[in-house]
Amino acid sequence: MSRFLSSELPALYSPVWFVPFDEHARRVRAAGVTVRLDRFDDGDWLPLDDAAVRTPSAAIVFPGLGRRREPWAARPELHRARFAAVGYQPLYPADGGPFSAGLIGVEFLVRPYDDAWPPGGPAGEVAPRLVRLLPGTAFPYPPGTRTVHGVVRAADTAAPVANALVEAAGETGGDRTPWRERTLSDATGAFRLSLRWEGARDAPHTVDERFTLRAVERPGRTGSLTVRLPQEAERRHVIEIREQ
């Protein structure tokens with residue numbers, strides 16, 4: 001991904017550039033996305049009232065965040081950004097990073113600066129951070145979209161697992177193009193996952209398609225099950241999470 005330059009806001013520098021990405025539609029999404037900032041202070045996260053700004057390139061930035069009167073006397077401060085959009089749930093780990101259901105924001109350091117004391121790194125240039133928005137249980141899927149639903153729970157206690165990553169992956173039958181569908185469980189452990197692509201078949205002319213659903217709470221704590229469609233389309237599927 002190319003880097004964004006702060007020439008879009010020449011008077012105000014932002015230490016972060018967030019790019020919300022609608023994973024279902026496979027495109028950048030800025031409309032309808034809200035972002036709240038918190039600062040970590042003395043062991044607690046304190047909410048801030050800094051207002052987000054949307055740039056012409058569909059990024060979300062916080063101009064002036066970190067500007068200080070005497071930046072050389074101040075230390076970098078840990079912040080986090082929490083995203084919300086109707087029908088979506090944000091996936092906070094960066095691409096390629098380990099997943100944890102306990103992560104509830106994008107954490108980043110804000111380095112103090114002013115006009116004469118630039119922040120760390122090239123002043124005015126910031127690498128964009130993609131934030132993927134996954135369809136939630138209330139996502140308005142288009143009519144005819146094939147979905148499966150169920151709940152993620154702990155195998156030992158049967159307690160629901162909130163914010164678990166639920167996914168299915170495979171290859172299309174013709175050109176073997178890889179595909180992947182993902183969602184996150186809600187506060188009650190419920191999930192609803194679309195399966196728009198072709199699943200595996202036990203034989204060439206078998207009616208049912210086979211999908212493997214995998215749920216992750218954190219590294220080493222996962223669960224999976226096999227779903228057959230259309231035979232089990234209306235079933236409430238239970239994915240049990242256990243230590244691996």
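Visitor: Why is Asp202 called exposed?

Guide: In this predicted model, Asp202 has a relative accessible area of 53%. The term applies over 50%, so Asp202 counts as exposed.

Visitor: What makes the contact of Asp202 with Arg210 a salt bridge?

Guide: The side chains of Arg210 and Asp202 meet at 2.3 Å, N to O. The cut-off is within 4 Å, and the pair therefore qualifies. Arg210, at 28% relative accessibility, is partly exposed, because that class lies between 20% and 50%.

Visitor: How do you know that Glu167 and Arg214 form a salt bridge?

Guide: Their closest N and O atoms are 3.6 Å apart.

Visitor: Why is Glu167 placed in one accessibility class and Arg214 in another?

Guide: Glu167 has a relative accessible area of 17%, which is under 20%, so Glu167 is buried.

Visitor: What makes β17 and β18 a strand pair, and in which sense do they run?

Guide: Strand β17 (residues 209-218) and strand β18 (residues 221-229) are joined over 9 bridges in the antiparallel sense. Pairing requires at least two bridges, so the two strands count as paired. Within this pairing, Arg214 has Ser224 of β18 as its bridge partner.

Visitor: Why are β15 and β16 described as standing at the edges of the sheet?

Guide: The open sheet has 7 strands in the order β15-β14-β17-β18-β19-β13-β16, with mixed pairing. β15 (178-184) and β16 (190-194) each have a single partner strand, so one side of each lacks a neighbour in the sheet. Neighbouring strands of this sheet are turned by 25° against each other on average, direction ignored.

Visitor: How do you know that Glu217 and Arg221 form a salt bridge, and is each residue buried or partly exposed?

Guide: Their side chains meet at 2.6 Å, N to O, which is within 4 Å, so the pair qualifies. Glu217, at 21%, is partly exposed, whereas Arg221, at 12%, is buried, because the limit for that class is under 20%. Through shared partners, salt bridges join Asp156, Glu217, Arg218, Arg221 and Glu243 into one network.

Notes. Residues are numbered from 1 along each chain as its sequence is written. This is a predicted model: local features need pLDDT of at least 70, side-chain atom pairs count only at pLDDT 80 or more; totals for chains, interfaces and linings use all residues. Side-chain values use heavy atoms; hydrogens and water are left out. Helices (H or I, at least four residues) and strands (E, at least two) are DSSP runs, numbered from the N terminus. Axes are lines fitted to C-alpha atoms, for helices over the stretch in contact, and angles run from 0 to 180 degrees between N-to-C directions. Buried means under 20% relative accessible area, exposed over 50%, partly exposed in between (1.4 Å probe, protein chains only).
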